[in-house]
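Subject: Structure for you to look at

Hello,

Here is the structure I promised you. Please open it first, then read my notes beside it.

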Amino acid sequence: MKTIFLVRHGETLANREGILQGWSNNPLDDTGEKQASALVTRASRVPLAAIYTSDLIRTQQTAAPLARARGIKPVVLPGLREVSFGKWDGHHMREIQEKDPETLRDLFLKPARVQLDAEEDLFASQKRGWETFTKLVEDMESDTNILCVSHGGLIRLLVCSLLDIPIDNMWKLSLYNTAFVQVVETKKFGYRVDKVNDMGLL
């Protein structure tokens, strides 16, 4: 059996203020740094063969305390990067509501069909994330665990892939900052999602 922990990054100021981050490269705020430090304790029972992050700073800062505690150098993978909100990256949801309420509504109710003028639509993001995820699992040794620090949007898309549900359901899945999704893979039964939005011990 192989176990994969998908962890959302810690809190940023943009998270707290209701700003869509997307590909914006925002650092953790004070709360996010405390959440990252808490991962050391939360993951204390789990041996880790590797730690992976996206290429955005908030995931790397989230992984840093745990990586130091374990003596592991995190591997940065662009495939774990967040989804893009296109022209709305870095904009407050209140501003979008004022300027384009239909797009904001569609983004959360039917995201697969919304047009954001992004460099990458959600289907491309899902494909990119899924290819990265499955390659990591393929390369794992049996009976080992890995931890991937990624983003709320991308992890939700991965869960949609794992559960074979449409992208339009992605925002129905709650995922708090530093909450994790636990996935196991076995040769006999394939993938199984054991935990979603878990804030406890890994």
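Predicted model: local features only at pLDDT ≥ 70, side-chain atom pairs only at ≥ 80, totals over all residues.

Start with the six strands. They form an open sheet in the order β3-β2-β4-β1-β5-β6, and the pairing is mixed. Look at the two edges. β3 (75-76) and β6 (190-198) each have a single partner strand, so one side of each has no neighbour in the sheet. In general, strands of a sheet pair through backbone hydrogen bonds, either parallel or antiparallel. Now find β1 (residues 2-8) and β4 (residues 145-150). These two run parallel and share six bridges. Within that pair, F5 sits opposite L147 in β4.

**The helices on it**

Helix α6 (residues 122-139) packs on the sheet. It touches β1, β2 (50-53), β4, β5 (180-186) and β6. Its direction makes about 145° with that of β1. Helix α7 (residues 152-163) lies across β1, β4, β5 and β6. Helix α7 also runs at about 145° to β1.

**R58**

Next, go to helix α3 (residues 57-70), where you will find R58. Is R58 buried or exposed? Its relative accessibility is 0%, and buried means under 20%, so R58 counts as buried. What does its side chain reach at 2.5 Å? The backbone oxygen of S24. Beyond its neighbours within four places in sequence, R58 has contacts that include H9, N25, E82 and H151.

Best wishes

Key
Residues numbered from 1 in each chain as written. Heavy atoms only, no water. Pairing = 2+ DSSP bridges. Helix = DSSP H or I, 4+ residues; strand = E, 2+ residues; numbered from the N terminus. Contact = heavy atoms within 4.5 Å. Axes fitted to C-alpha atoms, helices over the stretch in contact; angles between N-to-C directions. Buried < 20%, exposed > 50% of the residue type's maximum accessible area, 1.4 Å probe, protein only. Polar contact = N/O pair within 3.5 Å; in protein donor to acceptor, adjacent residues only side chain to side chain.
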